Structures are given as structure tokens and as C-alpha cells.
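Try each task before you read its solution.

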Amino acid sequence: MPVDRSHWIPAYIGLGSNLDDPAAQVQAAISRLHELPATRLIACSPLYATAPFGPVAQPDFVNAVAAVLSQSPLQEFFAALRALETRLGRVKPPERWGPRRIDLDLLVFGTQRQVGPQLTLPHPGIVERNFVLYPLADVAPDLEVPGLGRVSQLRAQVSAAGIRRLPR
């Protein structure tokens, strides 16, 4: 059965890096989102410098969020996002929450909700991570994150500690 490509699905991608000139890594990833099939970049947040998340000692991160529209089905979109991440030099860190050259996380895909070993939507941890909510609020403050609430309200519930907007 052919894939229905008659409608566009809004998706939000979290980008992050803390190795090899993190700001340049995030900008390079944003500039290559056009490589995702049947997908258009709509908006991108400013870059943020953020303290590392988790117990591993490492450099600060640079984070952003990109808003895209896609005609691809979820699994096809996610596979293409993972393939792009690999082309950008992503390797699995030796430690969970360890340093990384690039990280592309699918945060929200339309109204999809699912829990699985490879993909959970919305992305787990959104509600507690300022490095996701601050840039996400820049591009979609009124977005209703399926099952979690409106982005602007979620952002108001997290601290600004350890995060600062970088100059453009």
C-alpha cells in the first residue's frame, strides 16, 4: 500500500553537542535537516549553552530545537533522523549521558504517543529538562505536548539554572 503523503506532520527535534566546537556541530546539523526525506525546516530556536545532564563530568552543551513539517510516516522519519545523526559523526558514548559530538532527539511527532525500546514519544524527560523546554518554547510555546501539557506552561515549571541563550 502506498504511503499517504498528502498531509504534513509537525515534528520537533532537540539538537545538542558538547564536543568538537559544539555550536558549529549544532549549526551543521540544523543546516542538514533538509536531508530528511519529505521534510521541511520551519523554525529553529536560538542556541543555548547548558550545563551537562547526568552524573558524568564533561564540558557544557550547546542545545537548540528545530521545528519541521514532514510527510514521512513516523518510523521512516525516525530512521532517517538516526541515519543523519550517524552521518554527522554521532557515535554511542561509552557512558549514558556522556559527552557527544551530536545528538538529534525526536521530541514530538504530531500527536503520536508510544513507548518502545528504540523510540518513546513524547521524548521521555521533556518535562524536567530546561535544555529542551527553553528552546522548544522559542519555536512552539503553544504546542500541546501529547499527554504532558502546553510547552509554555511546562517551561514555567523548570528552573533556568545552568542555561543561557547564546548571542546570534
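Contact here means heavy atoms within 4.5 Å. This is a predicted model, where local features need pLDDT of at least 70, side-chain atom pairs count only at pLDDT 80 or more, and totals for chains, interfaces and linings use all residues. Residues are numbered from 1 along each chain as its sequence is written, and side-chain values use heavy atoms, with hydrogens and water left out.

**Exercise 1. Work out which residues of α1 are buried and why they lie on the same side of the helix.**

Step 1: Look down the axis. These residues are on the same side of α1 because they cover an arc of only 135° around the axis. The arc is that of the directions from the helix axis to the C-beta atoms.

Step 2: Recall the helix geometry. An α-helix has 3.6 residues a turn, so residues three or four places apart point the same way.

Step 3: See what they pack on. The buried residues of α1 pack against β1, β2, β4 and β5.

**Exercise 2. Find the strands that pair with β4.**

Step 1: Two strands pair if DSSP finds at least two bridges between them.

Step 2: Take β1. It runs antiparallel to β4, with nine bridges joining the two. Gly-16 has Asn-63 in β4 as its bridge partner.

Step 3: Take β2, residues 39–44. This strand is also antiparallel to β4, over five bridges. Ala-43 is partnered with Ala-67 in β4.

Step 4: Take β3, residues 48–50. Three bridges join β3 to β4, again antiparallel, and Tyr-48 has Asn-63 as its bridge partner in β4.

Step 5: Check how covered β4 is. Nine of its 10 residues are buried.

**Exercise 3. Sort out the salt bridges: which residues pair, and where do they sit?**

Step 1: Get the rule and the count. A salt bridge is a side-chain nitrogen of Lys or Arg within 4 Å of a carboxyl oxygen of Asp or Glu. The structure holds nine of them.

Step 2: Take Arg-101 and Asp-20, which meet at 3.6 Å, N to O. This pair links distant parts of the chain, 81 residues apart: Arg-101 is in the loop between α2 (74–87) and β5 (103–109), and Asp-20 is in the loop between β1 (9–17) and α1 (22–31). Arg-101 is partly exposed at 33% relative accessibility, whereas Asp-20 is exposed at 52%.

Step 3: Take Arg-32 and Glu-35, with an N to O distance of 2.6 Å. Arg-32 is partly exposed at 26%, and Glu-35 is partly exposed at 29%.

Step 4: Take Arg-90 and Asp-103, at 2.5 Å, N to O. Arg-90 is in the loop between α2 and β5, and Asp-103 is 13 residues away in strand β5. Asp-103 is buried, at 14%. Salt bridges that share partners join Arg-82, Glu-85, Arg-90, Arg-100 and Asp-103 into one network.

**Exercise 4. Find the largest nonpolar core and the element that gives it the largest share.**

Step 1: Define the set. A nonpolar core is a set of buried Ala, Val, Leu, Ile, Met, Phe, Trp, Tyr and Cys residues joined through side-chain atoms within 4.5 Å.

Step 2: Size it up. The largest core has 29 residues, and those with the most contacts inside it include Ile-13, Leu-36 and Phe-77.

Step 3: Assign the elements. β1, α1, β4, α2 and β5 each give two or more residues to this core. The largest share, six residues, comes from α2.

Step 4: Zoom in on Leu-36. Not counting residues up to four places away in sequence, Leu-36 touches Ile-13, Phe-77, Ala-80, Leu-81 and Leu-84.

How values were computed:
Helix = DSSP H or I, 4+ residues; strand = E, 2+ residues; numbered from the N terminus. Buried < 20%, exposed > 50% of the residue type's maximum accessible area, 1.4 Å probe, protein only.
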